[in-house]
Each structure stands twice: as C-alpha cells, then as structure tokens.
Amino acid sequence: MTNIAVDLVFQFLQMTVVIGLAPLLTGLVRVVKARLQRRRGPPLLQPYRDLARLARKEAVVADSASWLFRMAPYLVFAATWVAAALIPTFATGLLFSWSADLIAIVALLGSARFFLALAGLDVGTSFGGLGASREAMFASLAEPAMIVIVFSLALIAGSTQLSTVAAAMTAGVGLRVTLGMALIALVIVAVAENGRIPVDNPATHLELTMVHEAMILEYSGRHLAVIELASMLKLVLYVSLIICVFAPWGIAIADAGIGDRLAGAALYVAKLGVAGVLLGVFETSIAKMRVFRVPDFLGAALMLGLLGALLLFVSRTLK
Amino acid sequence: MSLLQALLACDAVLLALSVVAVSAARRGGAGTFVYGVALALSLAMLAAAAAALIGRAAPAGLTLPIGLPWIGANFRLDALAAFFAVVVNLGGAAASLYGIGYGRREHEPARVLPFFPAFLAGMNLVLIADDAYTFLVSWEFMSLASWALVMAHHREAGNQRAGFVYIVMASFGTLSLLLAFGLLAGASGGYAFDAMRAAAPSAGVAGLALALALVGAGSKAGLAPLHVWLPLAHPAAPSHVSALMSGVMTKVAVYAFIRIVFDLDGPPDWRWSAPILALGAATALLGVLHALMQTDIKRVLAYSTIENIGLIFVAIGLALAFKASGLAGAAALAMTAALFHSLNHALFKSLLFFGAGAVQTATGERRMGRLGGLLNRMPATGFFMLVGCAAISALPPLNGFVSEWLMLQAILLGPQFPQWTLKLLTPAVGAAVALTAALAAACFVRAFGIPFLGRPRSDEAAKAHDVDRFSLAAMAALAFLCLAAGVFPGVVIDTLKPVALAVAGAAMPLQAKIPWLSIAPIAESRSSYNGLLVFLFIAASAAMAASAIHRFASDALRRAPAWDCGFPDSSPATQYTAESFSQPIRRVFGGFVFRGRERLDMPAPGETRPAVYSLTLRDPVWDGFYTPLGGLVGAIATRLNRLQFLTIRQYLSVVFAALVALLLVLAAWS
C-alpha cells in the first residue's frame, strides 16, 4: 500500500514538474535565440509573468463565438496535460502509465489539435479558418509520421508502453539504423507540431504564413493563458519524449529509491536545458519555409519513419 | 420459443407491417404507428440477439418448408450472426426512433413507410439465412427495398441517376454472390451452408469463390473500385434510411464476406489476404480523400463510410493472413478489431446521418457553403454531432479510437508473418491506416466546423431551430453508446469472444480479469489502454484547470466584435468555406489523386468583369474504369442490336444453335 502511495506522489510530482517547467523551457529558448541575435531579450522568467498577466485580464469573447470557444482551451489543456503525464520524465513505471500507450499519447495530442482547430473556426474570421485549415494539412502528415515512428520503437522494445520502451532503451539495444531514422523523423515531427521555425514562427502575430497563432488569434485573457500554457506543455512533452526514448540515461527505473529518483530529476532538468539551447540554435540558424514546402518536409519524416519500420519488419525474422 | 424463432417471428411481423403500411401510409399518424412498431420489433430482436451473443447460446438451426423444395428454407443463429444482428437492430431501433419524429415531415410517406420495415426484415433475414437460396433471396430483398427508399424522392435532381447506378451495381453484386455460392455448392448442388462447410473446395475453386465474394460483398459494402454507387445512393435516401444504409447495410455486406471466406470457403490461403489488404488500404485512402473534397454534408458522410469499410477490410485481411499462417491469437485480435470497428461505425455513422438529417430539416440545406453557426441555433444537435465527429476521428476516450488502436496493435504483430510479401505489405498498410486516421480527423474538423461553427452563411441557417424530441433522443442514445463503448472497451471485447472464437479459431485474452477495466490485446507489458481512466483523467484535468482559473484568475468576460487582426469584415462570405478549408490538403494530395486543376481568371486592371476561380477534380475510378466499361457495354449492345431485327426463321435457327451449343457444353462437362 505504501508503494502505491509513493507511486501516486511521484506521478503527481511528475505532472506538476512538467507544468512548472514548461514556461521555463519556452523562456530559455527565447533567451538563447535573443542572445544569438545579439539582442538582450526578455528575462528567463518572462513567460511566467506573461501567463499571470493574461490570467488577471478580462477575457474578450467575440459576439459570434459559441460555447465551444470557451470550452476549447480547457479541453486542449487537459488532453495535452494527460498526454504529458503519461511520459516518463525522470522515473519510469508511472502509476498511470499503463492506462495509455504511445499510440494513445499521439491520439490525445490529436484530440487537443481537433478542438483547437474547431476553436479557430468558431468565431468565423478568415484568420482562424486559415490557421485551422493549415494545421489540418500539417497534422495529416505529422500524425502518420508519428505513428510509424511508434511502430519502429514498439518493434525494437517489443511494446508500445512508453515505460517499457524507456526501460528497454536504458538497458541498451545497440546502435541501429532504424533508431537513427526514427530520431530524425521524430525531431521533424516535434518541430512541426510545436510550430517552431522552419514550419511556423512562434514569435509572430501578423504574418500571412502563421498557423498556430492564427488559430488562437481571437483568444484573450484567461483563455489565452490556458492555451499558451498548453502549447508550452506540448514543447516539454515532445522534448521529454525524445529524451526518454533516445537519451534515457539516468532515468530512474520502476523500483528505484528516492535518491536515484532525485538524481534522475536533476539530470532530466539538465537534459531539458540542453534541448532548449539546441532548439534555440537550430531555430536561429535556419530560415522559415513557405507553407507548401512543409508537406515535403513532413513527407520526408513520414518516409524516413516508414523506411525504418520496414527495415525492422524485414529484419525481425532474419536472426 | 427459441431465440431464433423469436427473431423469425419478429421478421414476419415486420413484413406484415410493410403490407399494412401500403394501405395505411396516407392516413394521419401512420408514420408514428409504423416507426413505433418497427422500434418495438427492433428492440425485441436486439434483445434476442444480445441474449444469444452474451448467453453464448449454442448455434441453433431451423428449417421452414418454403424456398427450394428439396432443402427448404434453413435458418441458423450462431455467434457471428448474433453479433451482426445486434449491430443491425441497434441501428434499426435508433433509425425507427428517429423516424417517429423525422417521418412526420415526410411529404411522400407512401413511398417510404412500406419499404422501411421490409428493409429491416431483409437485413435481418440475410444474417440468419443458412442456405444459399434463402441468403440470396433475403439479400436481393434488402437491395430492392433500399433501392425503393433511395428512389423515394425521385423527382429531386440526381436521385434517378443514383437509383440507376445503385440497381446496376446491386444486381452485379448479387450475380457475383450467386456464382460464388454456385462454386461452393459444387456440381452436386449442396446449397445448404452445412453442405458447403462439409465439402472442402479445391484451392482454385476456393480462390475463385473468394474473388467473387470480394466483388459481391465488396460492391455492397463500398470497396473501391465498386464504391461508386454509394456516395450517390446513400445521400439520396431520407436521412434515417441513409443512416441505415451507411451504418448498417454495409455491415451486412461485411457479414456476408466473413461468412463466406471464414466459414464456408475451407481453410484460408495467405495469398488471399494480400489483395484484401491492398484493396482495403486503397479504399480507405480514396474514401477519406474524396470525403475531404465534398461540399454536401451527406456526401461527406457517405465517402467517410467508404473509408471506414476500407479499414474494416484491412483488419479482416490481417485476420485472414494471421489465420492462414497459424497465428490464431493474432488472428483473433485482428478479427476483434474488425468487428469492433463495424459496431463503432454503425453507432457513429448513424448518429452523424441523423445530425445531417436534423440540419436538413432545420435549414433545408445540405450544402455546407450555405450553413454556419448552427451550434448556437441548434445546441443539442450540435453537441451530439460533435460527439459523433470526435468518435469517428478516433479521439480518445471515445469508441473509434479503441478499434483503430486494436487495428494498429494487430499490424504491430506483422513481423511474425513467415511470408515476405506480407512482411513488406503490413507496414505499408499500417502507414496507410495512420494516414487515413489523420485525414479523417481533418475531414471531420471540416464537416463539423463549417456548418456548425462560424457565422451563418444564409438566412435559413440564421433562423434554424433544434429538431423534435424523438430525433434528439435517437442521437442522444447513440452518442451515449459511443462514449460507453469507448470507456468500457473490455466489455465489448469480451462479448465478441465467442465470435472471434468461431471465426478466427481463437479469442483475445479475457479482458474482465485485467484490473481497473484496462484492455490488453496480448499482454499488459506489451500494450494496454484504459478508456475509463483516460476519460476520468481528461475530465479531472479539465475540471482542475477550470477551477484553478476561476479561483485565481479574473472572472470578467466581455462580448465584443471579432478582432480578426484589426480588419474584421462584417460579411459572412469572408469566412473560410468547405472548399477553402481543404485547399491545402487538395494541393498536397489532390494533384495526383484527382488531377485537380485550379484556374484563376483575373481581369486586367480597368476591366469590369468579375474574377473567376474554377476548380476541376476528376474521379480516377470513373475515368479509368467505369467510363471505358460503359463505352464497351454500349459498343457491344450496338453490335447485338442486329439481333432485334431478324426474321422468325433466323430467330429459330439462333435458338436451335444455342440449344446445341449448351448440350455440347453439358456433354463435355460430364
């Protein structure tokens, strides 16, 4: 019984850790980008202040908006948070990790996108529709790419349960061509799904190529705060996913003691920091794409993922 | 009275109801009476079928002294038939309930009421038929009753063509099934299914029978390239009949395919599965891409049916391949996925067609470009439609996700195949399934977002009102079942156990034993999913976020004109439309699938003529298959035309020559 209590505490801790760290990671990426562009940039903690400021303001809702517009932020946030809670960050064997596997995590993110796209269409402005329609196009390629990546990981680890995958990766599966392909594909999907350069520009509000910002253009006040937090959470989620699968060193395995878990947590934060710096460097060193170049970019991820999975399907029985 | 007798009795009453409806249709209250009785009978049959399925009743047979004189009419209720009877009568009960309200606004009740109970009875009889003759008669009865319902509003534009294409395809499909049964019965003519089961067909005959079954059942289910009638005929019928045709009748076709291939056709060969997998994946992709291009809401739903049938056939193909390779557990998983998805599709597609019918009732429109903002005007319909759209987009914790999840889990067992063809085909099919699922989500964002969100695009949409209580009750019941099947998937899987056992030769592990209502297709360490916990998790997180916001954040809310980056345009015409929403996807996929061409005719500065944008999409199946085929049939008919102008002497010689030729064939045969 005490075991379950400890597990419950750690599950809750992981859920709060990801939500607490989410604005920090976004702030870090912004600072890195600003420094690389020789700007002073906002302080590291600016995203927290932004969220607090938005929460204090009154929400302005368009006349033509329906109840879905006011519900959507909470649904988007809840789906993203649940997906994030299922990803082992510093310890595997989460209490609820068996309630949904990697495929379900992909589908939960799909739910969040579904409601965000609907919210974009709700007010009935051209910007909202533009964002929703382009997001639908990106997702129609990014989601299958993600599923074929899941195929590869599941075949290597013999499970679609993320905890099992992480444990298998920690135990070492050797260098594989498939893993390399899956990593590249996953990074491409993560960049696209989080609306980072070169697919979308998170810093813009008035540009005809914007996607995510166009969908949420009508949001303000507390609704905007919830949506912003959800998208920050999504960034942490993807980074944690990549860390947990491709760099799981130091992650505390199921029955680890408190000390191991604390060490795992410290290492996890350090890894997040490294990932944030890398993302900032990547975004600064690359130019944004035209919208209709993005399908090629995502198509490459889909093909890489499929090629990797195909290699596994074929090589499984050779040995 | 046995359960089978109860089902037959209900079918007989349904047929009698049809006859009564012919004379009573024009009287006031006839609709309420017919639909009310049909509802009661459907519920009774649902209870009987569910009792047979849950009670694991042993297969029971019954022979009536009608039909072919030397074998009579045989009926049998086994697990497979009982499961599909549950699906059919669930859909039938919902459609009858919806019809009580919807049918009141029917302007030609005499063209609908007599055929509705007959259609229900036909579908039910197909499921319990136990010889080829009874099966084909019931099948044809189902086809003709539904054809009559498609032609109910025959004066509306396009409906006559829909009816014509449907009757041609239906006849062709029945012909294929007739030949398939003929092959299976063999030269001795054992038309009872028992005789077919006992006789082991040779490999060539079995393969040919499978091909014919694929054509016959596939044409009714909507498998590409035999799907062309479906998007014409399903939307043409009254909406509750559309729901029955799309949600339920296609499942009867799935049943026919499973019955012939898994039950009657002898031990399977893995080579059979490759064309099924390829056709299923192609159908799914083609269906969803077509659905994304349509602007009529009922046509979107019809094309989405084609997509879902493709997914079901992918799962059936996998089950066949696994069974042929001796991997019974995997076959059970794939077959359970196929059956679960059949049930799910019946639930949410019926719900969506009911919603589309409600929209049509409230606004008189099916074109999405004339709708908009309906969620504010029709809150209840809008909410149920939202549930249906989320379910069909495979979003957790609803039911569509569970069956697609099971399908992906089955695909992940693909490396176990000993054959290289299947090893290479499975991941490709898996990617196609994933692509289909993602495109389906985009399709239903569009199908819900354009009509129900935004601002009204016409006066009719601005003045819409929610529909009657019966229609809403039918939608509410189906929406609830979508959630229940998604949250308690283990119950459904365990109920499917006898069916999987009978069809695939094994069953998935008992799910009720797994703690906390999780489901695990193979082992918990491998993969598991808990719909209830995901549902509770999402609900709790959303509630926590909302309560935290209301506790700590500002509660102030102001209604104001839309911001739209400072340039709001008051005209609703500036909103995104169904066409513009799918434009990016059309540019990515439409170029090579539909040979889409966009043309913009922009007048030079100073000219006063309007700019013209035109879009042409070609249907590859019509262009590549049916148009040449139609031309060929026409050319042959022109040649044969000469036969109509012979003298009596020449006619007699033609008859004589035909007789001699047939006798020679017979002599050569024996």
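**Note on the predicted two-chain model**

1. Helix α16(B) is mostly covered, since 13 of its 13 residues are buried. A residue is called buried if 20 or more other C-beta atoms lie within 10 Å of its own, exposed if 12 or fewer, and partly exposed in between, with C-beta atoms placed from the backbone. Helices (H or I, at least four residues) and strands (E, at least two) are DSSP runs numbered from the N terminus. The helix covers residues 399-411 of chain B, and at 1.5 Å a residue its 13 residues should span 18 Å; the end C-alpha atoms are 19 Å apart, which agrees. The expected span is 1.5 Å times one less than the number of residues.

2. On the basis of the model: this is a predicted model, in which local features need pLDDT of at least 70 and side-chain atom pairs count only at pLDDT 80 or more, while totals for chains, interfaces and linings use all residues. Residues are numbered from 1 along each chain as its sequence is written, and chains are lettered from A and ligands numbered from 1 in the order in which they are written.

3. Chain A has 11 helices and 1 strand. From the N terminus on, its elements run α-α-β-α-α-α-α-α-α-α-α-α. The C-alpha trace of chain A spans about 60 × 45 × 45 Å along its principal axes. For 319 residues, a compact globule would have a radius of gyration near 20 Å, and chain A agrees with its 20 Å; the radius is taken over C-alpha atoms, and the globule rule is 2.2 Å times the number of residues to the power 0.38. Of the 319 residues of chain A, 61% count as buried.

4. The contact between the chains takes 77 residues from chain A and 75 residues from chain B, two residues being in contact if their C-beta atoms, placed from the backbone, lie within 7 Å. On the side of chain A that touches chain B, α5(A) gives the most, with 18 residues. That side divides into 48 nonpolar, 18 polar and 11 charged residues. Here Ala, Val, Leu, Ile, Met, Phe, Trp, Tyr, Cys and Pro count as nonpolar, Asp, Glu, Lys and Arg as charged, and the others, Gly among them, as polar.

5. Strand β1(A) pairs with strand β3 (residues 557-560) of chain B in the parallel sense over 4 bridges; pairing requires that DSSP find at least two bridges between two strands. The bridge partner of A:Val61 in β3(B) is B:Arg559.
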